[in-house]
Amino acid sequence: MTLMVDIRKLSFINEMAKVGTNGVADNMSKLTGEDAQMEVTKTNFIDVDDIESQLDSGKRVGVRVRLLDPPHGHILILFPEASAKKITAIMLRDVVDDMSDVSGKMARSAVEEMGNMMASGFIDGWADVLGRAIDIAAPQLVYAPTGEIVTRTAGLGGDDLALFFDSDLTVPSYQIEAEIYAFPDLEEFVEMVNGIEVQHA
């Protein structure tokens, strides 16, 4: 597979990452009442085999969301375990008085709901820019070392290369951290970006 990526296209891909992460931060700010900050730390094309070596070895809990419409692929929302516990507390604060009573099932459900909310914010940002609806499948809960989750998700696309958006979310008052990785189908994604450039030319 050959992907021709010129300077204009690369800047647009960076813009796509930014728009998606802004959607996530907006959703998180509404939920917590705090000003969430989302920063895109890395955007590049990377060999799937090389991804794991660039990631933190710690375990993460989060969701994998499959895109049902172009550009297809998957979005990963991952939380360090300490952040996942804080998310559980935020999501259940109006339902549970004593967090020690929260079952594992309730905690998993809270993380799934938060992850789905963040993924929806990301995808809605893309949909606005691309001018099309993008439906997503139900989120799948994941829990494993970061590299294992990300490598497995990147491999689902069947490509040797992955478009790797690495973004960090912080909610200072709650000390919540999250990471977002997006792995669209490369050929579809580049074709859609080319189409937008033609329209704007």
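Modeller: Happy to! Let's start in helix α4 (residues 146-155), where E148 and R152 sit four residues apart, about one turn of the helix. Please keep in mind that this is a predicted model. An α-helix has 3.6 residues a turn, so residues three or four places apart point the same way. Side chains of opposite charge can pair when their charged atoms come close. Here E148 and R152 form a salt bridge, and their closest N and O atoms are 2.8 Å apart.

R60 has 8% relative accessibility and E179 has 11%; buried means under 20%, so both count as buried.

Now for the aromatic side chains. Two aromatic pairs are present in the structure. In one of them, the ring centres of F122 and W126 lie 5.2 Å apart with planes at 50 degrees, so the pair is tilted. F122 and W126 are four residues apart in helix α3 (residues 104-130), which separates them by about one helical turn. F122 is buried, with a relative accessible area of 0%, and W126 is likewise buried at 0%. W126 also pairs with F189: those ring centres are 5.4 Å apart and the planes meet at 40 degrees, so this pair is tilted as well. Because W126 is in helix α3 and F189 in helix α5 (residues 186-200), the pair ties together parts that are 63 residues apart in sequence. W126 and F189 are both buried. Taken together, F122, W126 and F189 form one aromatic cluster.

While you have that region on screen, there is a record to compare it with. An unreviewed UniProt entry lists residues 106-143 as "domain: CheC-like protein". That span is 66% helix and 11% strand, and its end C-alpha atoms lie 16 Å apart.

Another helix worth a glance is α2 (residues 81-92), which has twelve residues. From first C-alpha to last, α2 reaches 17 Å, close to the 16 Å expected at 1.5 Å a residue. Its buried residues are S83, A84, I87, T88, I90, M91 and L92.

Finally, have a look at the loop between β2 and β3 (74-80), where P71 is found. P70 and P71 are joined by a cis peptide bond, with omega about 10 degrees. H72 lies in the loop between β2 and β3 too. Its phi is near 50 degrees, a positive value in a residue other than glycine. H72 counts as partly exposed, at 28% relative accessibility.

Note on methods:
Residues are numbered from 1 along each chain as its sequence is written. This is a predicted model: local features need pLDDT of at least 70, side-chain atom pairs count only at pLDDT 80 or more; totals for chains, interfaces and linings use all residues. Side-chain values use heavy atoms; hydrogens and water are left out. UniProt positions are given in the numbering used here, feature names are shortened, and annotations may be inferred rather than shown by experiment. Helices (H or I, at least four residues) and strands (E, at least two) are DSSP runs, numbered from the N terminus. The expected span of a helix is 1.5 Å times one less than its number of residues. Buried means under 20% relative accessible area, exposed over 50%, partly exposed in between (1.4 Å probe, protein chains only). Rings of Phe, Tyr and Trp (its six-membered ring) pair if their centres lie within 6.5 Å; planes under 30 degrees apart count as stacked, over 60 as edge-to-face and the rest as tilted. A salt bridge is a side-chain nitrogen of Lys or Arg within 4 Å of a carboxyl oxygen of Asp or Glu.
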